[in-house]
Amino acid sequence: MNQKQLKTLQKNNEESREFTRNCISAALIVLLNKEKLENITITHLCHVAGVSRMAFYRNYNSIDEVLVDKIKEYAMRLTSQVGTDIYDNWVIIFKETEKDRQMFEILIKLGVEHKVHDVFMSLLPAEEENRTIQAMWLSLFYTLAIKWIKEGKPKKIEDAARIAYKYSKNIPLIESIS
């Protein structure tokens with residue numbers, strides 16, 4: 001097998017793995033809309049996802065890991081988009097949260113919405129000063145996003161962002177730390 005064929009095979013494997021993971025996480029969201037987490041078996045999840053148990057275990061160790069992975073996807077989307085404008089960051093946060101509203105509502109219903117906070121905290125940088133400021137931002141984000149999902153107020157993303165900005169505009173961003 002030459003290098004080009006090997007690269008093509010690797011790309012196909014990566015795409016297949018991503019597709020399998022997406023099927024599993026989508027199936028979990030579907031099931032969580034109907035059942036409690038503790039009632040969902042890996043066998044049932046695999047059946048709904050259309051994948052084998054072997055495919056499940058190639059990608060995950062547990063159903064809980066599927067949930068954490070879904071939250072990490074959300075976290076990575078957020079972190080790839082935020083910049084230096086605090087108001088714009090809040091708009092991004094609320095827009096992305098709205099896109100994943102169903103996941104948030106399920107996490108709240110299950111009483112495990114703290115997993116969002118836990119995942120974000122696990123992604124903090126090693127440097128202590130940056131960790132502290134990012135932890136402040138993450139805690140604020142988590143509190144406001146969960147409150148927004150639970151209460152549904154204000155209705156407009158821009159209004160929610162404006163309120164969040166009003167109370168967070170004086171918290172420094174990482175870039176402003178000397």
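I began with contact, which means heavy atoms within 4.5 Å of each other. I also noted what counts as a helix or a strand: both are DSSP runs numbered from the N terminus, a helix (H or I) having at least four residues and a strand (E) at least two.

**Entry 1: the model and its limits.** I am working with a predicted model, in which local features need pLDDT of at least 70 and side-chain atom pairs count only at pLDDT 80 or more, while totals for chains, interfaces and linings use all residues. Residues are numbered from 1 along each chain as its sequence is written, and side-chain values use heavy atoms, with hydrogens and water left out.

**Entry 2: the whole chain.** I looked up the secondary structure and found nine helices and zero strands, so written from the N terminus the elements run α-α-α-α-α-α-α-α-α. Taken along the principal axes, the C-alpha atoms fill a box of roughly 55 × 45 × 30 Å. Of the 178 residues, 40% count as buried, where buried means under 20% relative accessible area, exposed over 50%, and partly exposed in between, with a 1.4 Å probe and protein chains only. Among contacts between residues at least 6 apart in sequence, 64% join residues at least 24 apart.

**Entry 3: helix α7.** Which residues of helix α7 are buried? In this helix, residues 114–122, I listed Lys115, Val116, His117, Val119 and Phe120. These buried residues pack against α4 (63–81), α6 (101–110) and α8.

I then followed Lys115, which lies in α7 and counts as buried because its relative accessibility is 15%. Leaving aside neighbours within four places in sequence, Lys115 is in contact with Asp64 and Ile71.

Ile71 is found in helix α4, and with a relative accessible area of 0% it is buried. Leaving aside neighbours within four places in sequence, I found Ile71 in contact with Met103, Leu107, Lys115, Val116 and Val119. Ile71 and Val119 are 48 residues apart in sequence, yet their C-alpha atoms are 7.0 Å apart in space.

**Entry 4: α5 against α8.** For angles I needed the rule that axes are lines fitted to C-alpha atoms, for helices over the stretch in contact, and that angles run from 0 to 180 degrees between N-to-C directions. Helix α5 (residues 86–99) and α8 pack at an angle of about 50°, with their axes 11 Å apart. The two are therefore oblique to each other; angles under 35 degrees count as roughly parallel, over 145 as roughly antiparallel, 65 to 115 as roughly perpendicular and the rest as oblique. The crossing of α5 and α8 is right-handed, a crossing being right-handed if the near helix is turned clockwise from the far one by less than a right angle, and left-handed if anticlockwise.

On the α5 side the contact is made by Ile86, Trp90, Ile93, Phe94, Thr97 and Glu98, and on the α8 side by Trp137, Leu140, Phe141, Leu144, Ala145, Trp148 and Ile149. By class I noted 11 nonpolar, one polar and one charged residue, where Ala, Val, Leu, Ile, Met, Phe, Trp, Tyr, Cys and Pro count as nonpolar, Asp, Glu, Lys and Arg as charged, and the others, Gly among them, as polar.

**Entry 5: α8 against α9.** The axes of helix α8 (residues 128–151) and helix α9 (residues 157–168) come within 12 Å and cross at roughly 145°, and this crossing is right-handed. I saw that Trp137, Leu140, Leu144 and Trp148 in α8 meet Ile157, Ala160, Ala164 and Ser168 in α9. The contact holds seven nonpolar, one polar and no charged residues. As background, an α-helix has 3.6 residues a turn, so residues three or four places apart point the same way.

Is Trp137 buried or exposed? Trp137 lies in helix α8 and is buried, with a relative accessible area of 15%. Leaving aside neighbours within four places in sequence, Trp137 is in contact with Ile86, Trp90, Ser168, Ile171, Pro172 and Leu173. Trp137 and Ile171 are 34 residues apart in sequence and 8.1 Å apart in space, C-alpha to C-alpha.

**Entry 6: cysteines.** I counted a disulfide as a pair of cysteine sulfur atoms within 2.5 Å, and by this rule the count comes to zero. The sulfur of Cys23 is 11 Å from the closest cysteine sulfur, in Cys46, which is too far for a bond. Cys46 is buried, with a relative accessible area of 3%.
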